[in-house]
Amino acid sequence: MEYTLLHTGTRGTPCPECKAISFSITSPNLFNYFLGVEMKCPKCDTKLDWWELLLRHFDWNFSSYLYGIVGGLNTSLMIHMKPNEIYTLDFQEIGIPSNAKILEVTYTPNGKGLFPIEMHGNSPYRHFIPHKILLFGRPFGEPAEKTPVAVSINWVQVDEENQLWNNLVEAIEAFSIHKYPSCIIPANVAVEAKLNKILDDYLSKHASNKRVTDFLTSGATYSHQLNVLLPLISNFEKFPSLPDHIRGGLNELRDYRNKIAHKGVTTKPLDKVITGRLLCSATFALGYLNLLEKEIIKNHL
Ligand SMILES: [Zn+2]
């Protein structure tokens, strides 16, 4: 397979004012947001709000910005195709791990002569993108002997140790194809299960495992965990509290989740704006819980 690898990286979030600088989507930046540390663009001095910066990614119709929020990577390469010939595009060969989830592939011919067509067997794949794609160079426009085709691949590393993160990726994936109700359950599971695990570990130091499990399943259920126990523990651990607007977003997410789980449908319609805000809340919350968990471990060593 003949190709030129151009770039692999994660999309940052650009300064809304000068657009000259992009900020990496990292946990230190997230932590500073929770701490209330003022963030300014070093180029144009504009005051930045980490939440507002990332919320925009749900509005833009660019998958790499959307997946950048959950650590998605973008790989771009240039391949050279001949008309009426088959080109084998093998993602493993260009360094994408075999267990990665391929989210989107885009082809842009940089010249005349052909357009790449993905080939398939008797039963074409519909719901997932394979790691090896056969491309047929369908002649198109003025003939050319060879045509450079830019290929852009959005993919995300699947973390088998971290099923919760994978749930969030699944929610983002549903969002990218505008299946808004399908975002709700995986996004809610990601946050609810993480919070449950933190509280379970925390309380098990003070009571028997059985009593803690009973307490968290029949006593203090998710809503109480989120609205009462979490602020209490954050305070105990001298950790910044989860901002109210994010907690509000999680409560709203839980309401939608309950409607879907109990009635099969949401009673209030879900659109791009609402779902984007709920997913942004879930992403910030999962990041928050990961940071809090590390803080608790550090404080109790
Ligand atoms: Zn700027």
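## An exposed asparagine

Asn84 counts as exposed, because its relative accessibility is 51% and the cut-off for exposed is over 50%. The residue sits in the loop between β6 (73-81) and β7. Its phi is positive, at about 65°, although Asn84 is not a glycine. Most residues other than glycine have a negative phi.

This is a predicted model.

## The chain as a whole

The chain has 301 residues, and 43% of them count as buried. It holds nine helices and eleven strands. Along the principal axes, its C-alpha atoms fill a box of roughly 75 × 50 × 40 Å.

Take the contacts in the chain with a separation of 6 or more: 76% of them join residues 24 or more positions apart.

## Domains

The domain assignment divides the chain into domain 1 (9-68), domain 2 (73-156) and domain 3 (163-299). The centres of domain 1 and domain 2, taken over C-alpha atoms, are 31 Å apart. Five residues from domain 1 and five residues from domain 2 make up the contact.

## The zinc site

The zinc ion has four protein donors: Cys15 (SG), Cys18 (SG), Cys41 (SG) and Cys44 (SG). They lie 2.3 Å from the ion. The site is tetrahedral, with angles of 106 to 114° among the four donor atoms. In sequence, the donor residues follow the spacing C-x2-C-x22-C-x2-C.

Cys18 lies in the loop between β2 (13-14) and β3 (22-23), and Cys44 in the loop between β4 (39-40) and β5 (47-48), so the pair ties together parts that are 26 residues apart in sequence.

How accessible are these two cysteines, Cys18 and Cys44? Cys18 has a relative accessible area of 29%, so it is partly exposed. Cys44 is partly exposed as well, at 28% relative accessibility.

Lys19 is placed in the loop between β2 and β3. Lys19 counts as exposed because its relative accessibility is 60%.

Strands of a sheet pair through backbone hydrogen bonds, either parallel or antiparallel. Here three strands form an open sheet in the order β7-β10-β9, and the pairing is antiparallel. The edge strands are β7 (86-90) and β9 (113-118), each of which pairs on one side only. On average, neighbouring strands of this sheet are turned by 35° against each other, direction ignored.

How many bridges join β7 and β10? The two strands pair over five bridges, in the antiparallel sense, with β10 covering residues 132-140. In this sheet, Tyr87 stands opposite Leu135 in β10.

Notes. Residues are numbered from 1 along each chain as its sequence is written. This is a predicted model: local features need pLDDT of at least 70, side-chain atom pairs count only at pLDDT 80 or more; totals for chains, interfaces and linings use all residues. Side-chain values use heavy atoms; hydrogens and water are left out. Two strands pair if DSSP finds at least two bridges between them. Helices (H or I, at least four residues) and strands (E, at least two) are DSSP runs, numbered from the N terminus. Axes are lines fitted to C-alpha atoms, for helices over the stretch in contact, and angles run from 0 to 180 degrees between N-to-C directions. Donors are N, O and S atoms within 2.8 Å of the metal (3.2 Å for Na, K and Ca); water is not among the atoms, so sites may look incomplete. Four donors count as tetrahedral if all angles lie between 85 and 135 degrees; four count as square planar and six as octahedral if opposite donors are over 155 degrees apart and all others between 65 and 115; anything else is irregular. Buried means under 20% relative accessible area, exposed over 50%, partly exposed in between (1.4 Å probe, protein chains only). Domain bounds come from an automatic or database domain assignment. Contact means heavy atoms within 4.5 Å.
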